[in-house]
Amino acid sequence: MSAPNGPNERRALEFLDAFLKLDLLSGGEKDLIRAAKLAVRRAKLTNLQKDINKLQKSVQTVKVTPSVLADKLVALLRTFPLDTEQPVPAAPPSHPSEAVSTAALPRIILSESFTA
């Protein structure tokens, strides 16, 4: 796990971690939060961590219940194109000749043109 780049990223990750510990969320919503954490770590969506921190600051001034806050967070995360599918690691080829697929090889076409 790589360290966050700065305090804003760290603050957003801590806020998302707190929601993963709650029992209020369904499995799909927890997957959405995990995808958001990954996007923040990779700095994939810069506005994501900014919006998460805005939500966190707004809660400090106006007190809301955890369930309402969870709903607002999930609604916020759904506005971003997050990849919620878990990536499946590719199995390494068992033989070196299997490493190069025939689809990846370039197709060479030779042609001649004659002008009169």
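Select L20, which lies in helix α1. Helices here are DSSP runs of H or I with at least four residues, strands are E runs of at least two, and both are numbered from the N terminus. This is a predicted model, where local features need pLDDT of at least 70, side-chain atom pairs count only at pLDDT 80 or more, and totals for chains, interfaces and linings use all residues. Residues are numbered from 1 along each chain as its sequence is written, and side-chain values use heavy atoms, leaving out hydrogens and water.

**Stop 1: around L20.** Is L20 buried or exposed? L20 counts as buried because its relative accessibility is 19%. Buried means under 20% relative accessible area, exposed means over 50%, and partly exposed is in between (1.4 Å probe, protein chains only). Contact means heavy atoms within 4.5 Å. K30 is 10 residues from L20 in sequence, and their C-alpha atoms are 6.2 Å apart.

**Stop 2: the aromatic pair.** A search of the whole structure finds 1 aromatic pair. Rings of Phe, Tyr and Trp (its six-membered ring) pair if their centres lie within 6.5 Å; planes under 30 degrees apart are stacked, over 60 edge-to-face, and the rest tilted. F15 and F19 are 4 residues apart in helix α1, so about one helical turn separates them.

**Stop 3: α1 against α3.** Show residues 7-20 (α1) and 46-61 (α3). Their axes come within 9 Å and cross at roughly 65 degrees. Axes are lines fitted to C-alpha atoms, for helices over the stretch in contact, and angles run from 0 to 180 degrees between N-to-C directions. Which residues make the contact? From α1, pick N8, E9, R11, A12, F15 and L16; from α3, pick Q49, I52, N53, L55 and Q56. These divide into 5 nonpolar, 4 polar and 2 charged. Nonpolar covers Ala, Val, Leu, Ile, Met, Phe, Trp, Tyr, Cys and Pro; charged covers Asp, Glu, Lys and Arg; the others, Gly among them, are polar.

**Last stop: the whole protein.** Zoom out. The protein has 4 helices and 0 strands, in the order α-α-α-α along the sequence. Of its 116 residues, 29% count as buried.
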